[in-house]
Amino acid sequence: MRQLLRVYRAIFVAEFQAAAQYRVQSVLWLLFAIIRPVVFLAAWSAAAATQGGRIGDMTISDFAAYYVAVTLVSQLTMSWNAYDFELEIRQGKLSPKLLRPLHPLHYSVVENIVFKVATMPALLPVLVLIAWTFQARFATTWGHVLLFVPSVLLAAALRFMFGWLMATFAFWTTRVHGIMHVYDRLVFLFAGQLAPLSLLGGLASIAYWLPFGYMLWAPSEILRGGASIDQALGMIAIQAMWLALSWLGFLGLWQLGLRQFSAVGA
Amino acid sequence: MQFALEYRANLALDLFEELIIVISSLVAVLILYDHTSAINGWTEGQMIELLGVYYLVQGAQAVVFETSFERFMEHVRMGTLDFILIKPVDSQFMISTRHVQVPQFGQIAMGVLVLAIGIAQVGGGFGVLDALAFAATLVCGLLLVYSLLLVLSTLSFWFVRVENLLAIFWSFLDAGRFPVDVYPGWLRVTLSTVVPIGIAVTVPAQAIAGRLELAGVVAMIGGTIIMCWFASWFWRRGLRSYTGASA
């Protein structure tokens with residue numbers, strides 16, 4: 001265990017140094033990450049305005065709080081390893097990585113965390129600005145804050161795991177980014193970016209059964225205070241279940257893929 | 001033979017991806033209108049028309065402009081621009097239309113399809129004048145976006161690496177999917193001036209929805225002429241200051 005901690009510390013230092021060179025790219029990425037939720041917040045606000053200021057049980061202020069939460073959670077849970085992985089296989093860079101004593105997953109984890117830590121100071125002021133512009137109303141209690149921590153961690157892990165699950169398909173096909181695009185659209189529809197799951201109309205019942213909502217919508221609702229403590233506990237339980245399932249799926253798929261891996265430069 | 005087949009398979013997959021993207025955006029609009037009958041005065045059919053125009057503009061922009069301007073900037077960076085400039089065709093035109101992307105035509109086609117769906121939903125709703133206004137403002141919108149891209153690319157004469165500026169442009173592109181009037185002040189202004197994707201989509205959509213007045217059309221045409229003239233002037237300025245890679 002000690003050994004693992006020391007290794008992680010070394011990788012962290014290396015990744016922070018690398019991240020410092022990507023400042024501009026990070027800012028640009030943040031810009032896009034913010035515009036998306038603002039676009040939909042504006043749409044829902046306009047829609048609510050014609051309905052007397054509220055849709056369902058959400059007022060414009062509630063929507064604002066929801067989307068601020070969604071943006072924050074989105075940034076905290078994002079993962080992009082599938083794209084990198086496909087690139088590495090195609091460029092033949094995977095094989096040397098597999099020869100290292102550490103599973104590529106560890107590097108991926110550190111790179112992921114470092115990016116988020118580095119970009120958070122830039123994101124927070126913008127979120128405050130959005131919250132103030134739209135007069136966001138948070139119904140959060142301390143119980144919610146406490147539950148938010150495990151929820152967002154589970155969501156991040158879940159999204160990470162699913163990212164790797166999709167990435168393993170790269171062992172079989174070079175068209176992973178095609179699969180990723182379709183996957184991204186499913187996430188867009190069912191994870192809560194387009195709308196809180198309760199407002200998805202006919203699609204809501206499907207959405208609750210899919211894992212995507214538990215990557216984004218669940219922790220966002222907890223943070224905003226839109227879910228009761230009981231509901232929050234239930235959400236967390238479902239998140240844990242999906243994480244376990246995706247972990248098992250990944251383990252199995254990775255083993256199968258590795259065996260089948262007859263690579264460029266294997 | 002295998003290569004040709006693989007190319008066609010890749011093409012089919014690209015088109016399929018486009019289809020998924022467009023369908024999910026359509027679903028997004030439908031879900032919104034599950035809860036309300038109008039947004040800022042836009043009915044469901046009119047919003048679908050706008051979505052159609054959005055994909056039309058995005059596809060048109062991607063088809064010709066994106067790759068050509070990208071290649072141009074690469075030429076500047078690698079110093080191979082001279083080979084293009086000595087050809088007898090007007091350099092601005094050559095730079096802009098050399099490379100054409102087929103999948104993006106699919107996006108345009110889907111934009112037209114969505115527009116048609118919207119029109120069907122609205123039940124017509126426009127007259128001959130509106131149709132003319134639509135055509136005019138659509139062309140204006142495309143020219144505005146083209147001018148912006150030309151200005152950004154011209155900056156490579158001095159700064160060489162302007163991809164980051166382009167990335168800023170593309171991140172704002174997403175906001176074009178809704179009418180520009182739903183956005184808060186600062187964003188609305190940005191989308192109408194600096195990054196004109198907002199008006200490039202909203203104004204033609206207003207025209208086809210029968211919501212645009214003559215003053216709007218005139219303003220759009222006037223603004224476009226000014227912008228095009230400026231971009232062209234700026235391009236020539238950049239060309240003049242270009243001393244070549246192998247002086």
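These legends describe close-up views of a predicted two-chain model.

**View 1. Chain A, overall fold.**
Chain A contains 11 helices and two strands. Its order along the sequence is α-α-β-β-α-α-α-α-α-α-α-α-α. The C-alpha atoms occupy a box of roughly 65 × 40 × 35 Å along the principal axes. For 266 residues, a compact globule would have a radius of gyration near 18 Å; the value for chain A is 20 Å, which agrees. Of the 266 residues, 40% are buried. Among contacts in chain A with a separation of 6 or more, 80% link residues 24 or more positions apart.

**View 2. Helix H3 of chain A.**
H3(A) covers residues 60-77. Its 18 residues should span 26 Å at 1.5 Å a residue, and the end C-alpha atoms lie 25 Å apart, which agrees. Is this helix enclosed or open? In H3(A), 15 of the 18 residues are buried, so the helix is largely enclosed by the rest of the structure.

**View 3. The loop at A:Gln135.**
A:Gln135 sits in the loop between helix H6 (104-133) and helix H7 (142-168) of chain A. Its phi is near 55°, a positive value in a residue other than glycine. Most residues other than glycine have a negative phi. A:Gln135 counts as exposed, because it has 11 C-beta neighbours inside 10 Å and the cut-off for exposed is 12 or fewer.

**View 4. Chain B, overall fold.**
Chain B has 11 helices and two strands. Along the sequence they run α-β-β-α-α-α-α-α-α-α-α-α-α. Buried residues account for 38% of the 247 residues in chain B. Of its contacts between residues at least 6 apart in sequence, 79% join residues at least 24 apart.

**View 5. Chain B where it touches chain A.**
On this side, 28 residues of chain B contact 28 residues of chain A. Helix H1 (2-33), strand S1 (38-39) and helix H8 (163-173) of chain B each give two or more residues. H1(B) supplies the largest share, nine residues. By class, the chain B side has 18 nonpolar, six polar and four charged residues.

B:Asn40 lies in the loop between S1 and strand S2 (42-43) of chain B. Phi of B:Asn40 is near 55°, a positive value in a residue other than glycine. B:Asn40 is partly exposed, with 16 other C-beta atoms within 10 Å.

**View 6. Helices H6 and H10 of chain B.**
H6(B) spans residues 128-154, and H10(B) spans residues 197-208. How do they cross? Their axes come within 8 Å and cross at roughly 175°. That makes H6(B) roughly antiparallel to H10(B), because angles over 145 degrees count as such. From H6(B), the residues that meet H10(B) include B:Asp130, B:Phe134, B:Leu138, B:Gly141 and B:Val145. Facing them in H10(B) are residues including B:Ile197, B:Val201, B:Pro204 and B:Ile208. By class, this contact has 14 nonpolar, two polar and one charged residues.

**View 7. Helix H10 of chain B and its end.**
At 1.5 Å a residue, the 12 residues of H10(B) should span 16 Å; the end C-alpha atoms are 17 Å apart, which agrees. In H10(B), 12 of the 12 residues are buried, so the helix is largely enclosed by the rest of the structure. Among these buried residues are B:Gly198, B:Thr202 and B:Gln206. Just after H10(B), B:Gly210 takes a positive phi of about 75°.

B:Leu173 belongs to helix H8 of chain B. It is buried, with 21 other C-beta atoms within 10 Å; the cut-off for buried is 20 or more. Which residues does B:Leu173 touch, not counting those up to four places away in sequence? They are B:Gln58 and B:Ile197. The C-alpha atoms of B:Leu173 and B:Val195 are separated by 8.3 Å, and the two residues are 22 residues apart along the chain.

**View 8. Helix H11 of chain B.**
H11(B) runs over residues 214-241. Its 28 residues should span 40 Å at 1.5 Å a residue, and its end C-alpha atoms are 41 Å apart, which agrees. The buried residues in H11(B) include B:Val217, B:Met220, B:Thr224 and B:Met227. B:Ala231 and B:Trp235 are buried in H11(B) too.

Technical notes: Residues numbered from 1 in each chain as written. Chains lettered and ligands numbered in written order. Predicted model: local features only at pLDDT ≥ 70, side-chain atom pairs only at ≥ 80, totals over all residues. Helix = DSSP H or I, 4+ residues; strand = E, 2+ residues; numbered from the N terminus. Rg over C-alpha atoms; globule rule 2.2 N^0.38 Å. Contact = placed C-beta atoms within 7 Å. Nonpolar A, V, L, I, M, F, W, Y, C, P; charged D, E, K, R; others polar. Expected span 1.5 Å × (residues − 1). Axes fitted to C-alpha atoms, helices over the stretch in contact; angles between N-to-C directions. Parallel < 35°, antiparallel > 145°, perpendicular 65-115°, else oblique.
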